[in-house]
Amino acid sequence: MTATVPDLPAGWRVQHTRGPLGFVTHAVLVRPDGTEVEWSSRRHRKGLGLRLAGVRAEGGRASAMSWWIGSLFAIGSLCFALGSVPLYFDALDPAVVAGTFFVGSIFFTSAAYLQFHETLRAPGGVLTESARPRPLASLVGWKPHRIDFWAVLVQLVGTVFFNISTFSATQADLTAEQARHLVWAPDVYGSICFLVASWFAYAEVNRGVLPRPDRSIGWSIAALNMLGSIAFGVSAVAARYVPSTDQSANLELVNLGTFVGAVCFLVGAVLLPVESARERSSA
């Protein structure tokens with residue numbers, strides 16, 4: 001796999017690049033007139049444009065895509081947060097609560113697919129006005145040289161696992177063995193996918209291993225999603241295993257992990273159109 005910066009206009013050159021695991025996530029480019037501009041994979045796929053090196057973005061209007069993705073993720077997060085609140089699940093039939101999680105998972109999958117589409121339809125060149133892929137290639141494609149592609153693809157797979165687990169949980173006649181294979185196992189696989197996807201997305205914007213905030217909204221979103229994925233992972237483990245007890249699940253920890261994770265995802269979703277509006281540049 002050879003990761004590169006997207007096509008450059010005539011006379012432009014790459015001064016230096018960086019990124020984890022051989023991926024290119026950030027580059028400083030030099031125009032023919034000697035002006036240095038910054039390119040990043042996150043800004044590229046979101047249509048935020050280049051920016052002058054060391055200069056803050058100018059701002060603008062949030063894109064329609066950011067509103068759609070943010071809204072769908074926000075609704076899904078609200079469903080998961082609501083379903084994990086005792087006042088809600090104690091007052092309603094378990095089937096209704098399970099259905100709340102299933103509806104939330106559908107919104108997650110819809111948002112995840114839009115992010116997948118957003119990544120595939122990114123311009124072929126570094127400029128926002130560069131040619132974009134044909135319609136079919138922007139719906140189903142393969143971009144293994146891009147870290148953002150792996151982030152959104154793994155996340156999309158994870159949401160499908162959550163579709164399976166939450167739908168199975170709506171079935172009242174499952175045996176313990178069926179519940180383990182149809183509810184808990186997909187939940188764990190989905191949580192693992194979210195952790196991996198969140199790491200890819202975080203590594204895309206974070207320089208190095210230790211947290212290094214760059215004051216960008218994109219960094220904050222990636223960090224929130226990482227925390228949310230960790231919380232979901234804790235919830236998945238707690239749903240199956242509790243040491244030194246006869247219980248099959250630690251319900252308090254399950255609900256706390258789900259609620260904390262959902263809130264993190266909710267805040268991250270709300271920030272998506274904010275990022276699109278505030279970090280747009282015309283460099």
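# Cavities, pockets and surface: a viewer tour

Select helix α9 to begin: in the lining of the second largest cavity, α9 has the largest share, 4 residues. Helices are DSSP runs of H or I with at least four residues, strands are runs of E with at least two, and both are numbered from the N terminus. A cavity is a set of points, on a 1 Å grid over the protein atoms alone, where a 1.4 Å probe fits but cannot get out, and its lining residues have an atom within 4 Å of a point.

The model is predicted, with local features requiring pLDDT of at least 70 and side-chain atom pairs pLDDT 80 or more, while totals for chains, interfaces and linings use all residues. Residues are numbered from 1 along each chain as its sequence is written, and side-chain values use heavy atoms, with hydrogens and water left out.

**Second largest cavity**

Now select Phe-73, Phe-108, Gln-115, Gln-155, Phe-194, Ile-221, Asn-225, Phe-265, Gly-268, Ala-269 and Leu-272, which line this second largest cavity. Two or more of the lining residues come from each of α4, α8 and α9. The space inside is about 110 Å³, where a volume is the space filled by probe spheres set on the points, and grid points are joined across faces, edges and corners. By class, 7 lining residues are nonpolar, 4 are polar and none is charged. In this scheme Ala, Val, Leu, Ile, Met, Phe, Trp, Tyr, Cys and Pro are nonpolar, Asp, Glu, Lys and Arg are charged, and the others, Gly among them, are polar.

**Largest cavity**

The structure holds 4 cavities of 30 Å³ or more, and the largest has a volume of about 230 Å³. To find the largest cavity, select Gln-115, Gln-155, Ala-197, Ala-201 and Asn-225, the closest to its centre among 19 lining residues. Gln-115, Gln-155 and Asn-225 also belong to the lining of the second largest cavity. Next colour α1, α6, α7, α8 and α9, each of which supplies at least two residues of the lining of the largest cavity. With 5 residues, α7 gives the most. The lining has 9 nonpolar, 5 polar and 5 charged residues.

**Largest pocket**

Move on to the open spaces. A pocket is an open set of grid points with protein on both sides within 12 Å along at least five of seven lines. The volume of the largest pocket is about 1200 Å³. Centre the view on Ala-169, Val-183, Ala-239, Leu-251 and Val-254, which lie nearest the centre of this pocket out of 36 lining residues. Helices α2 (64–83), α4 (94–120), α6 (147–169), α7 (176–205), α8 (217–238) and α9 (251–278) are the elements that give two or more residues to the lining. The largest share, 8 residues, is from α7. Colouring the lining by class shows 20 nonpolar, 12 polar and 4 charged residues.

**Second largest pocket**

The second largest pocket contains about 680 Å³ of space. Select Arg-18, His-26, Glu-204, Val-205 and Asp-214, the closest to its centre of the 34 residues in the lining. Elements that each supply at least two lining residues are β3 (36–40), α1 (41–45), α7 and α8. Here too α7 gives the most, with 5 residues.

**Sheet**

Show the strands next. They include an open sheet of 4 strands in the order β1-β2-β3-β4, paired antiparallel; two strands pair if DSSP finds at least two bridges between them. At the edges are β1 (13–18) and β4 (51–52), each pairing on one side only. Between β1 and β2 (residues 26–30) there are 5 bridges. Select Thr-17 and look across to Ala-27 in β2, which stands opposite.

**Salt bridge**

Select Arg-45 and Asp-148, which form a salt bridge with their closest N and O atoms 3.6 Å apart. This pair links helix α1, where Arg-45 lies, to helix α6, which holds Asp-148, 103 residues apart in the chain. A salt bridge is a side-chain nitrogen of Lys or Arg within 4 Å of a carboxyl oxygen of Asp or Glu; the count comes to 8 by this rule.

**Back to α9**

End the tour on helix α9 with Val-260, which is one of the residues in a nonpolar surface patch that also includes Leu-195, Leu-227 and Val-267. The patch residues together have about 730 Å² of accessible area, computed by the Shrake-Rupley method with a 1.4 Å probe, and for residues only the protein chains shown count as cover. Patches are made of residues with over 30% relative accessible area and no salt bridge, with nonpolar side chains (Val, Leu, Ile, Met, Phe, Trp, Tyr) joined within 5 Å and like charges within 9 Å. The largest share of this patch, 6 residues, comes from α9.
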